[in-house]
Amino acid sequence: MKHFDLSRFWLTLKADNVLQWKTALKLTLSMAFGLMIIYTVSFMQMDSPSYAAIVNNQLSNCSGITAFVLFMFMGVGGCYMTNNMRTKQHRIAFLSLPASNSEKFLSRYLWCTVGFLLMYIGAAVIADVLRMLLCLIVYGDMCGSVLAYMIGELAEFDLAANGEPIWSVVFLLIASLLYGHSNYMLGGVIFRRFNWILTTVVLYLLSFLLLPLLGLLEFYESDVDAFIDKSGPVALCVGLGVVCLLLTSFNYWLSYKVFCRMQVICNKLINI
């Protein structure tokens, strides 16, 4: 089957979710436990919750940590692309589904993106509710909600704050997140075992090898500063974001090509 069929893709997506619901539950509960520990340590440092400024400060700190962990969780989530094919039985169950490679790849991609986002939202809700209950027991006050505070901050967020357009920075952050996710997805389909660890090691080594380029930029520092002054920070952020999106597209395309080469019997460390 070479052609993409929407109804067949929907059946493939449902079948994959049925096979992976235990993994999703474990990830959600594990992330909820981790966030619960972070929230508890942060709020237990308060001497008294009677001052609104103290509570708002803790809510702000927890919101920043929640956003940071979300970016890390979503990025590393790309390595779970082939998590449903760790054993021979799992490979047979998934690869034998009556669907094309593009339908299987897209179903796994949605599981590693939309699925991970939903899992994280569920984990954050669980952690926030448990944290409020704990604060109610200890302080007699729930001390607000971290998620409600984040939603309020997002609602008041202005893409042109103080007359300075920062939408380009948001665009660059989103493009960078997608680029990181594509790197881990590529590592997830290449490495059969310990994929997120090996991918992190490879990315670290590549970053170390690219350090001389930073020295080259310092050598042309005056030219770089002149270019930034001439083009402006908005153009620079947009340009870097476009580069990230191009690299992201290449990584996704390469991930698909490697995914199409997956075999039922594979005893090697890599899937190539």
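**Pocket, core and a buried asparagine in an all-helix model**

Helix α2 contributes the most residues to the lining of the largest pocket, 8 in number. The model is predicted: local features need pLDDT of at least 70, side-chain atom pairs count only at pLDDT 80 or more, and totals for chains, interfaces and linings use all residues. Residues are numbered from 1 along each chain as its sequence is written, and side-chain values use heavy atoms, with hydrogens and water left out.

The chain contains 10 helices and 0 strands. Helices are DSSP runs of H or I with at least four residues, strands are E runs of at least two, and both are numbered from the N terminus. Buried residues (under 20% relative accessible area, 1.4 Å probe, protein chains only; exposed is over 50%, partly exposed in between) form 34% of the 272 residues. Contacts are defined by heavy atoms within 4.5 Å. Of those with a separation of 6 or more, 78% join residues 24 or more positions apart.

The largest pocket has a volume of about 1,000 Å³. Ala67, Leu70, Phe71, Met150 and Leu154 are the closest to its centre among the 30 lining residues. A pocket is an open set of points on a 1 Å grid over the protein atoms alone, where a 1.4 Å probe fits, with protein on both sides within 12 Å along at least five of seven lines; lining residues have an atom within 4 Å of a point. Points are joined across faces, edges and corners, and the volume is the space filled by probe spheres set on them. At least two lining residues come from each of α2 (52-76), α4 (101-139), α5 (146-155) and α6 (167-190). By class, the lining holds 23 nonpolar, 6 polar and 1 charged residues. Nonpolar covers Ala, Val, Leu, Ile, Met, Phe, Trp, Tyr, Cys and Pro; charged covers Asp, Glu, Lys and Arg; the others, Gly among them, are polar.

The largest nonpolar core has 37 residues, of which Met31, Leu35, Phe43, Trp111 and Phe116 touch the most other members. Such a core joins buried Ala, Val, Leu, Ile, Met, Phe, Trp, Tyr and Cys residues through side-chain atoms within 4.5 Å. Helix α4 supplies the largest share, 10 residues. Beyond four places in sequence, Trp111 contacts residues including Asp16, Tyr80, Phe116 and Met119.

Asn195 lies in helix α7 (residues 195-209). Asn195 counts as buried because its relative accessibility is 10%. Its side chain reaches the backbone oxygen of Cys79 at 3.2 Å. Beyond four places in sequence, Asn195 touches Cys79, Thr82, Gly187 and Gly188.

Methods:
A polar contact is a pair of N or O atoms within 3.5 Å; within protein, one must be able to donate a hydrogen and the other to accept it, and residues adjacent in sequence count only if both atoms are side-chain atoms.
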